[in-house]
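Here is a short briefing to read alongside the model. Keep the 3D view open and follow the topics in order.

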Amino acid sequence: MAKDVGGFREFAASRMDGWRRTAYLLCGDWHAADDMVSAALTGLYRHWDRVSRMEHPDAYVRTSMLRAMLNERRRPWRRERSVEFLPEQAATGPGADGVDQYLDVTALLAELPARRRAVLVLRYFCDLSVEETAAELGCSTGTVKSQTSRALEALRARLGGAGLVAEEA
């Protein structure tokens, strides 16, 4: 059976931006996000005949990206941290256009363990239910609920009550 290359291209092109944003939220680095999406696309193309018939092919891609992110986090060299330098400030004045809040939340997400970060991204960015998140991560719904609770608690504690974290559903 020949691959439906046109269908694959159309599917991938229509979702690429969303996948990159999701991958960025999972890992906090645009270059790593591109690598995650590339790995997911490779698997998607390899299994396109089967995946194209699935009810939710986006779930296949999300799972591939999650696995790529979790595998990358397990590598020993990822535990090393370089000294952070302050970037040049493009915004004028504190809080211009909500950039400060976005950077705060993104930085706080980066401090969370990989599984907790994945739970928050899937629940609140990808808008998946507890059950769908559990299926994506291959764990129980209770684990998703407890990881969500602990991750939100950690974010609230680090934010110091600034009101930037969504309430639990």
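The accessible surface of the chain comes to about 10,700 Å², and carbon and sulfur atoms account for 51% of that; such areas come from the Shrake-Rupley method with a 1.4 Å probe, and for residues only the protein chains shown count as cover. This is a predicted model, in which local features need pLDDT of at least 70 and side-chain atom pairs count only at pLDDT 80 or more, while totals for chains, interfaces and linings use all residues. Residues are numbered from 1 along each chain as its sequence is written, and side-chain values use heavy atoms, with hydrogens and water left out.

**Overall layout**

- The chain has 8 helices and 0 strands, where helices (H or I, at least four residues) and strands (E, at least two) are DSSP runs numbered from the N terminus.
- Read from the N terminus, the order of elements is α-α-α-α-α-α-α-α.
- Of the 169 residues, 34% count as buried; buried means under 20% relative accessible area, exposed over 50%, and partly exposed in between (1.4 Å probe, protein chains only).
- Taking contacts between residues at least 6 apart in sequence, 61% join residues at least 24 apart, with contact meaning heavy atoms within 4.5 Å.

**The nonpolar core**

- A nonpolar core is a set of buried Ala, Val, Leu, Ile, Met, Phe, Trp, Tyr and Cys residues joined through side-chain atoms within 4.5 Å.
- The largest one has 43 residues, and Trp19, Leu44, Met65 and Met69 have the most contacts inside it.
- Each of α1, α2, α3, α4, α5 (99-111), α6, α7 and α8 supplies at least two residues of this core, and the largest share, 9 residues, comes from α1.
- Not counting residues up to four places away in sequence, Leu44 touches Phe8, Phe11, Trp19, Val51, Tyr60 and Val61.

**Aromatic pairs**

- Rings of Phe, Tyr and Trp (its six-membered ring) pair if their centres lie within 6.5 Å; planes under 30 degrees apart count as stacked, over 60 as edge-to-face and the rest as tilted.
- By this rule there are 5 aromatic pairs.
- Phe11 and Trp19 form a tilted pair, because their ring centres are 5.7 Å apart and their planes lie at 55°; both residues are buried.
- Tyr24 and Trp30 have ring centres 4.2 Å apart and planes at 10°, so this pair is stacked.

**Arg21 on α1**

- Arg21 is found in helix α1 (residues 5-27) and is partly exposed, with a relative accessible area of 44%.
- Leaving aside neighbours within four places in sequence, Arg21 is in contact with Trp30 and Phe125.
- Arg21 and Asp34 are 13 residues apart in sequence, and their C-alpha atoms are 9.6 Å apart in space.

**Helix α4**

- The 18 residues of α4 should span 26 Å at 1.5 Å a residue, and the end C-alpha atoms are 26 Å apart, which agrees; the expected span is 1.5 Å times one less than the number of residues.
- Buried residues in α4 include Pro57, Tyr60, Arg62, Met65 and Met69.
- The buried residues of α4 pack against α1, α2 (30-46), α3 (48-51), α6 and α7.

**Helix α7 and its flanks**

- Which residues of α7 (residues 130-137) are buried? They are Val130, Thr133, Ala134, Glu136 and Leu137.
- Seen down the axis of α7, these buried residues fall within an arc of 160°, so they line one face of the helix; the arc is that of the directions from the helix axis to the C-beta atoms.
- On the other side of α7, Glu131 and Ala135 are exposed.
- Cover for the buried residues of α7 includes α4 (57-74), α6 (114-125) and α8 (141-159).
- Thr133 has a relative accessible area of 0%, and beyond four places in sequence its contacts are Val119, Leu122, Arg123, Leu128 and Val144.
- Asp127, in the loop between α6 and α7, is exposed at 65% relative accessible area.
- Most residues other than glycine have a negative phi. Phi of Asp127, however, is near 60°, a positive value in a residue other than glycine.
- Just after α7, Gly138 takes a positive phi of about 70°.
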